[in-house]
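User: I want to check the labels on this model against their cut-offs. Can we go through them briskly?

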Amino acid sequence: SIGRVLLAALPDAELEDYIASVAPQPLTNRTITDRAELHREILRVREAGYATTVDQLDYGITAIAVPIRGLDGRVIAALNSSGYTGIVTPETLVSERLPALRATASRISQAIGRYPVLQSVIGS
């Protein structure tokens, strides 16, 4: 989820270059390995403002991630929450955790605004 949020923040040309050059490796049978499908998913994440995954990095992990923005509004990091696939669904994560994740990401962004040195710690 985090990677998709970070990719969604790239300018179009950089995203297209990445998609063209990447050789996605199947970590599970649910990992997106088709470049066109991956590109569509990243665009969906960009539009939604968050990403969810189910069993894509490892079996049993369902996750959601949101962007953290730096001083200039650019995405500099992402915040993630996950649970066991047998218990949570992407829909559950969206309804139960997305609001808190967005609020926390906003608080982190505000802290960066108050203490700019934090951006150098998180990334730039």
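User: Leaving aside its neighbours within four places in sequence, which residues is Ser 81 in contact with?

Analyst: Ser 81 is in contact with Thr 62, Ala 63, Ile 64, Leu 93, Arg 97 and Leu 101. Contact means heavy atoms within 4.5 Å. One caution on the source: this is a predicted model, where local features need pLDDT of at least 70 and side-chain atom pairs count only at pLDDT 80 or more, while totals for chains, interfaces and linings use all residues. Residues are numbered from 1 along each chain as its sequence is written, and side-chain values use heavy atoms, with hydrogens and water left out.

User: Why is Ser 81 called buried?

Analyst: Buried means under 20% relative accessible area, exposed over 50%, and partly exposed in between (1.4 Å probe, protein chains only). Ser 81 has a relative accessible area of 17%, so Ser 81 is buried.

User: What makes the link between the side chains of Ser 81 and Arg 97 a polar contact?

Analyst: A polar contact is a pair of N or O atoms within 3.5 Å; within protein, one must be able to donate a hydrogen and the other to accept it, and residues adjacent in sequence count only if both atoms are side-chain atoms. The contact joining Ser 81 and Arg 97 is 2.9 Å.

User: Why does Ile 68 count as buried?

Analyst: Its relative accessibility is 5%, so Ile 68 counts as buried. Ile 68 sits in strand β2, residues 61-69. A strand is a DSSP run of E, at least two residues; a helix is a run of H or I, at least four; both are numbered from the N terminus.

User: How do you know that the span of helix α3 agrees with its length?

Analyst: The expected span is 1.5 Å times one less than the number of residues. Helix α3 has 14 residues (35-48), so it should span 20 Å; its end C-alpha atoms are 20 Å apart, which agrees.

User: Which residues of α3 are buried, and why are they said to be on the same side?

Analyst: Leu 38, Glu 41, Ile 42 and Val 45 are the buried ones. They cover an arc of only 100 degrees around the axis, so they share one side of α3. The arc is taken from the directions from the helix axis to the C-beta atoms. On the other side of α3, Arg 40 and Glu 47 are exposed.

User: What covers the buried residues of α3?

Analyst: The cover includes α1 (2-8), α2 (12-21) and β1 (51-54).
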